[in-house]
Amino acid sequence: MTTFDVELKDIVKEFESGGGRVRAVDHVSVQIEDGEFFALLGPSGCGKTTTLRLIAGFEQPTAGRILIRGRAMEGIPAYHRPVNTVFQDYALFPHLTVEQNIMFGLQMEGVHKREARKLAAEALEKVRLPGVGRRKPHQLSGGQQQRVALARALVKQPAVLLLDEPLGALDLKLRKNMQFELKALQRDVGITFIYVTHDQEEAITMADRIAVMNDGVMLQVGTPKEIYERPGTHFIADFIGETNFIPATLKSREPMGFGQVELLDGTHICAALSNTLAATRGPVTVAIRPERIGIAAKGTAQAAGEETALDAILVDSQYIGTDTRYTLRIADSVDLVARVQNVDDRKADAFAIGQSVTLYWHPSSTTVLDH
Amino acid sequence: MRQNGFLLALPTIAWLVVFFVLPLVIVLVVSFMSRGRGGVAELPFTPAHYERAFGIFSIILWRSIGLAGLTTVVCLVVGYPLAFFISTRRRRLVQQIALFLVILPFWTNFLIRTYAWRILLGEQGTINGLLLSLGMIDEPLTMLNTQFAVLVGLVYGFLPFMVLPIYASVERFNFRYVDAANDLGANDVRTFMRVVLPLTLPGVLAGCALVFIPSVGAFVTPDLLGGTKGLMIGNLINNQFGGSGNMPLGSALSIVMMAVVMLSLLVYVFANRRDAGA
């Protein structure tokens, strides 16, 4: 039997709120492997930070069990858990120097002062911030404080590092750089990272696996590719990236995870079914990403073999630099967005507004979701 | 603009010069003069009053400093947890009610409240009566007219001055730091000593100064509750200026007391600066 680094078993967390009870985490179960970069992704208030705080031990679950390295965490206070946290606002102690901040956790373990000082200096090297040990946190920039927070947690060599939107307070460019650095650092130290973020792009670029949460429920767990290409629910497809939703009726299921659906105008197309699709027939939604839709002038036989082809009218086009965004009407009230990369000059304005075109895509580019 | 600013401050400066600096200089001069008929000051100049202040009266001086110090310590030990409790209530209304209760005693005259303690602490007082009727003691305890009674009265009187600044400090304290300290392996005691206390120290220092300074010079409380055993420097000064007193001696004692207060303020400023700078 494999033991996981972190295992959540049917976790429920409720808070008292104005006389009522609010369920922040609703029956969450997940297993996180050793050395994994695991992202908890969801909009604010979805329960991702509460989940992190439960693992850290700042909150106790209302029901369910938490295991870290196979050990049950009931009754074990935060200060005895083999995890460390990088807080959203860093929570660096303002009355201590950078060095004292990093040494704090070591001294709590009884590490001798001289040894702690040496380890603190090494930790600062590791986050590429040597020589700031004597400064106070407020004398550092946001990005530097972020690195100190990271060093303070990593110097403890935890089994699991918990990160609560650690890049949230940084500006865009710095955030991009830090994403790469964090990922490299994680590979380097080999510690399991549990990373809370509301930024889907951040989760997709950094994580080995992503758990998408909404309203306290863990909706789907999978690799970034699975989450992006085979979203399990309407919410996920909408939350992650841009998606077209086409109302349809499921007519029949076919082998290999495909099905026949009928669009509003009566056209039948073949589409890939979501793994978690409950419906066997009846109203469903077909999701397709804008970059998966190809456009051809009507009559030019671009749609090959098994590809789906649909007639449409171009109602709008928008040049956005790398891509051009086309708005295409397939039925009376259904508009799709397609993104075509501007790989060559002529393509950018290849189609005129009002022109009849043919849209084509491979059935596996679609996902049929419950309505 | 700079001159306008000076003009704005002028009334205050004038007030302070006339009613503070000038009297202070007079007191300083008088303290070095001789005692005349009826206790008034007259020439020649003499250091005799200071010799007495540090001589036979030094026991009362030290008692005042000791009682004020003890009052400060007790207020801190009682007031810190109370302030912490109030400022960590989730509901704003609960906080406001609790703070209201802390300052509620101010609605009654201080003299009356101190008299009330005489009734509580007396030989036939409420506390002795209760203990006797419960059979916990056989004879009434002597509490009134002791230093203990003075301590109780001072703590009672000045506790709000400790609670309020600490409350303000804890209110501003970011409890994320407690999470961070716990996360780094500090248990609750160490978290308090290493993180919470240092970060709420400005409130603690302000509270200590606000309790210690008026306690040193207190005279109503020791007068009513301390009798002769609980006499403090404030009473001594008070006596020198009434009836057949000794104004030069009273002045000298006032200067000595002021020096004690100034010293404690220096400690306060120094501690605050070290806290901010280190």
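The model is a predicted one. Chain A is assigned two domains, domain 1 (6-231) and domain 2 (242-370), and part of chain A is in contact with chain B.

**Domains of chain A**

- Domain 1 of chain A covers residues 6-231, and domain 2 of chain A covers residues 242-370.

**Where chain A meets chain B**

- On the chain A side 16 residues take part in the contact, and on the chain B side 14 residues do.
- Two elements of chain A, β6 (83-86) and α2 (98-108), each supply at least two residues of the side that touches chain B.
- The largest share of that side comes from α2(A), with three residues.
- By residue type, the side of chain A that touches chain B has nine nonpolar, four polar and three charged residues.

**The four-stranded sheet**

- Start with the order of the strands: this open sheet of chain A runs β2-β1-β4-β5, with antiparallel pairing.
- At the edges stand β2 (20-32) and β5 (71-72) of chain A; each has a single partner strand, so one side of each is left without a neighbour in the sheet.
- Helix α1 (residues 48-56) of chain A packs on this sheet, where α1 touches β1, β2 and β4 of chain A.
- The direction of helix α1 of chain A makes about 70° with that of β2(A).
- Strand β1 (residues 6-17) and strand β4 (residues 63-68) of chain A run antiparallel and are joined by five bridges.
- To see a facing pair of residues, look for Glu7(A), which stands opposite Leu67(A) in β4(A).

**The five-stranded sheet**

- Another open sheet of chain A has five strands in the order β15-β19-β16-β17-β18, and here too the pairing is antiparallel.
- The edge strands are β15 (294-297) and β18 (334-341) of chain A; with a single partner strand each, they have one side left without a neighbour in the sheet.
- From one strand to the next, the twist averages 45°.
- Four bridges join β15(A) to strand β19 (residues 356-361) of chain A, and these two strands run antiparallel.
- A facing pair to look for here is Ile295(A), which stands opposite Leu359(A) in β19(A).

Terms used. Residues numbered from 1 in each chain as written. Chains lettered and ligands numbered in written order. Predicted model: local features only at pLDDT ≥ 70, side-chain atom pairs only at ≥ 80, totals over all residues. Domains from an automatic or database assignment. Contact = placed C-beta atoms within 7 Å. Nonpolar A, V, L, I, M, F, W, Y, C, P; charged D, E, K, R; others polar. Pairing = 2+ DSSP bridges. Axes fitted to C-alpha atoms, helices over the stretch in contact; angles between N-to-C directions.
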